[in-house]
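Biologist: I'm new to this one. Could you walk me through how to read it?

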Protein chains: 2
Amino acid sequence: MKATGPEAQLEEIPEADCLEILEQHSLGRIAVVIDGQPQIFPVNYAMSGRIVAFRTGSGTKLSHAPGSKVCFEIDEYDPAAGTGWSVMMQGVAVDATDAFDDVSWAARAAAPWPLAPGAKPIRIAIEPSQFTGRRFRRPA
Amino acid sequence: MKATGPEAQLEEIPEADCLEILEQHSLGRIAVVIDGQPQIFPVNYAMSGRIVAFRTGSGTKLSHAPGSKVCFEIDEYDPAAGTGWSVMMQGVAVDATDAFDDVSWAARAAAPWPLAPGAKPIRIAIEPSQFTGRRFRRPA
């Protein structure tokens with residue numbers, strides 16, 4: 001990992017490590033832009049290679065995300081140690097429910113387990129354009 | 001709290017409770033839109049009434065947020081109990097570093113403690129337009 005400045009307390013996480021961290025977790029947050037207003041929703045997800053896959057209900061705000069730029073993020077903070085990290089994936093949402101493209105196949109191969117109750121027939125995939133991450137330590 | 005559908009497992013959190021939950025926490029995430037692309041950053045925050053206040057460095061992406069629509073979110077999930085909640089605040093970011101308006105005064109009265117290292121001279125306030133939240137329970 002590379003320090004991002006004179007302080008070694010803030011480090012960039014390389015893309016390969018971002019992917020590994022994403023694979024080790026299952027709860028993240030997606031940001032979508034609706035009429036110029038960003039909104040954030042927690043979702044349970046699964047990775048399929050570099051693709052984030054999750055399920056949502058029809059008629060939900062997330063069911064309107066396909067085709068638009070979205071952001072997916074996970075993070076963790078340990079208050080006792082004063083250390084934390086965050087991983088962000090930027091990309092485009094794809095409706096993978098019925099489509100036959102590679103991204104949709106990959107998304108359907110993943111088995112995200114919805115967190116919240118209710119029917120979630122729509123499968124959304126996020127096709128990534130960029131992975132970034134950083135680790136940080138509380139200033140002493 | 002009001003159930004949002006036939007299932008009582010998903011409940012809306014009223015605005016007053018959203019504010020109370022925001023006051024009880026200090027780590028959240030802000031979503032900003034940069035060239036149409038939403039991005040999510042974890043930030044350490046403090047509440048000042050209904051205003052979210054946090055600090056950032058000059059030249060960071062968040063220092064360009066003032067004047068734009070942003071979203072602030074916190075959430076928690078208990079895997080053992082299968083229960084969770086999320087609270088989302090939509091609003092507009094304000095540069096509260098030097099300004100004399102009410103929002104800026106309120107933001108400076110709060111004392112957010114930055115999580116990551118580095119100089120963080122810029123104080124950002126989020127003036128809220130809407131608070132929403134929900135509690136959910138894993139389907140049995």
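Biologist: How much area is buried between chain A and chain B?
Modeller: Bear in mind that this is a predicted model. Putting chain A and chain B together buries about 3200 Å², and carbon and sulfur atoms give 68% of that. The contact draws 37 residues from chain A and 37 residues from chain B.

Biologist: Which surface does each copy use to meet the other?
Modeller: Look at whether the residues match up. Here 100% of the interface residues of chain A are also interface residues in chain B, so the copies meet through the same surface.

Biologist: How many salt bridges cross the interface of chain A and chain B?
Modeller: For these, we look for a side-chain nitrogen of Lys or Arg within 4 Å of a carboxyl oxygen of Asp or Glu. The rule finds four across this interface. One of them joins Arg29(A) to Glu73(B), at 3.8 Å from N to O.

Biologist: Which elements of chain A give two or more residues to the side that touches chain B?
Modeller: They are β3 (27–34), β4 (37–44), β7 (69–78), β8 (83–95) and β9. By class, that side of chain A has 20 nonpolar, eight polar and nine charged residues.

Biologist: And Lys120(A): buried or exposed?
Modeller: Buried means under 20% relative accessible area. Lys120(A) has 16%, so this lysine counts as buried. Lys120(A) sits in the loop between α2 (102–109) and β9 (122–137) of chain A. Beyond its neighbours within four places in sequence, Lys120(A) is in contact with Arg55(A), Thr56(A), Gly57(A) and Pro114(A).

Key: Residues are numbered from 1 along each chain as its sequence is written. Chains are lettered from A and ligands numbered from 1 in the order in which they are written. This is a predicted model: local features need pLDDT of at least 70, side-chain atom pairs count only at pLDDT 80 or more; totals for chains, interfaces and linings use all residues. Side-chain values use heavy atoms; hydrogens and water are left out. Helices (H or I, at least four residues) and strands (E, at least two) are DSSP runs, numbered from the N terminus. Buried means under 20% relative accessible area, exposed over 50%, partly exposed in between (1.4 Å probe, protein chains only). Contact means heavy atoms within 4.5 Å. Buried area is the accessible area (1.4 Å probe) that two parts lose on being put together, summed over both. Ala, Val, Leu, Ile, Met, Phe, Trp, Tyr, Cys and Pro count as nonpolar, Asp, Glu, Lys and Arg as charged, and the others, Gly among them, as polar.
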